[in-house]
Amino acid sequence: MIDLSKNNFFGEILVEVTDLLELQSLNLSHNSFTGRIPGNIGAMSFLESIDFSRNQLSGEIPQNISKLTFLSVLNLSNNKLSGKIPSSTQLQSFSASSYTGNELCGPPLSNNCTVSVPTSGNQNRGEKEGDGGACISNSLMGSRAN
């Protein structure tokens with residue numbers, strides 16, 4: 001079990017956290033983490049509980065999160081996540097409150113996903129080259145505000 005909630009951590013969640021393959025509970029809630037949920041979080045096959053609520057995480061929920069078959073607690077609420085909630089019986093079984101406060105769509109939320117086809121004038125709008133940079137840190141989780 002790792003509970004680093006309410007610690008004023010900021011920066012990206014480092015991908016190395018997903019090397020903790022036998023971890024059962026990961027609580028990083030109530031911090032200021034930014035960036036994406038690590039894309040290989042599905043490799044943490046023993047996870048039973050994830051709480052990433054009340055951060056500034058963005059992007060889509062990784063598809064492979066649906067591989068977490070032991071997951072019984074999930075809270076991704078109040079971030080800046082967007083896109084469709086990955087399809088799996090398990091992810092749709094969590095209450096809508098697990099996903100609220102984001103720009104997500106699809107079950108279990110009531111708002112349906114719509115497909116938009118970008119026009120040539122709208123492609124890459126709002127994207128800045130180099131925005132996905134990483135920060136090197138001695139800590140596993142990023143940095144802490146003083």
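Guide: Let's start in the middle. This is a predicted model. In β6, Gln 56 is the bridge partner of Thr 34.

Visitor: Which strands are being joined there, and in what sense do they pair?
Guide: They are β4 and β6, and the pairing is parallel. There are 2 bridges between them. Strand β6 covers residues 56-59.

Visitor: What stands opposite Thr 34 in β2?
Guide: Glu 12 stands opposite Thr 34. Strand β2 covers residues 9-12, and β4 covers residues 32-35. The two run parallel and are joined by 3 bridges.

Visitor: What holds paired strands together, in general?
Guide: Strands of a sheet pair through backbone hydrogen bonds. The pairing can be parallel or antiparallel.

Visitor: OK, new topic. What is the strand order in the open sheet of 4 strands?
Guide: The order is β1-β3-β5-β7, and the pairing is parallel. The edge strands are β1, at 2-3, and β7, at 73-75. Each of these edge strands pairs on one side only.

Visitor: How many bridges join β1 to β3?
Guide: There are 2 bridges, and the strands run parallel. Strand β3 covers residues 25-27. Within this pairing, Asp 3 stands opposite Asn 27.

Visitor: Zoom out for me. How many helices and strands does the chain have?
Guide: The chain has 1 helix and 10 strands. From the N terminus, the elements run β-β-β-β-β-β-β-β-α-β-β.

Visitor: And how much of the chain counts as buried?
Guide: Of the 146 residues, 38% count as buried. The accessible surface comes to about 8,700 Å². Carbon and sulfur atoms account for 49% of that surface.

Visitor: Which residues have the most contacts inside the largest nonpolar core?
Guide: They are Ile 50, Phe 52, Leu 74 and Tyr 99. That core has 27 residues.

Visitor: Take Leu 74. What does it touch?
Guide: Leave out residues up to four places away in sequence. Then Leu 74 touches Ile 50, Ile 65, Leu 91, Phe 94, Ser 98 and Tyr 99.

Visitor: What do nonpolar side chains tend to do, as a rule?
Guide: In soluble globular proteins, they tend to be buried together.

Visitor: Now the rings. How many aromatic pairs does the structure hold?
Guide: It holds 2 aromatic pairs. Phe 9 and Phe 33 form a stacked one, 6.1 Å centre to centre with 25° between the planes.

Visitor: Are Phe 9 and Phe 33 buried or exposed?
Guide: Phe 9 is buried, and Phe 33 is buried too.

Visitor: What about Phe 46 and Phe 70?
Guide: They form a stacked aromatic pair, with 6.5 Å between centres and 10° between planes. Phe 46 lies in the loop between β4 and β5, while Phe 70 lies in the loop between β6 and β7, so the pair ties together parts that are 24 residues apart in sequence. Phe 46 counts as partly exposed, at 40% relative accessibility.

Visitor: Why is the disulfide called right-handed?
Guide: Because the torsion about the S-S bond of Cys 105 and Cys 113 is about 105°.

Visitor: Is Cys 105 buried or exposed?
Guide: Cys 105 is buried, with a relative accessible area of 13%. Cys 113 counts as partly exposed, at 31%.

Visitor: One more stop. Where is Ser 82?
Guide: Ser 82 sits in strand β8, residues 80-84. Ser 82 is partly exposed, with a relative accessible area of 28%.

Visitor: Which residues is Ser 82 in contact with?
Guide: Setting aside neighbours within four places in sequence, they are Gly 59, Glu 60, Ile 61, Glu 103 and Leu 104. The C-alpha atoms of Ser 82 and Glu 60 are separated by 5.2 Å, though the residues are 22 apart along the chain.

Visitor: And where is Ile 13 found?
Guide: Ile 13 is in the loop between β2 and β3. Ile 13 is buried, at 6% relative accessible area. Ile 13 and Pro 38 are 6.9 Å apart, C-alpha to C-alpha, and 25 residues apart in sequence.

Note on methods: Residues numbered from 1 in each chain as written. Predicted model: local features only at pLDDT ≥ 70, side-chain atom pairs only at ≥ 80, totals over all residues. Heavy atoms only, no water. Pairing = 2+ DSSP bridges. Disulfide = S-S within 2.5 Å. Buried < 20%, exposed > 50% of the residue type's maximum accessible area, 1.4 Å probe, protein only. Contact = heavy atoms within 4.5 Å. Core = buried A, V, L, I, M, F, W, Y, C linked by side-chain atoms within 4.5 Å. Areas by Shrake-Rupley, 256 points an atom, 1.4 Å probe, with all protein chains shown as cover. Phe/Tyr/Trp six-rings, centres within 6.5 Å; stacked < 30°, edge-to-face > 60°.
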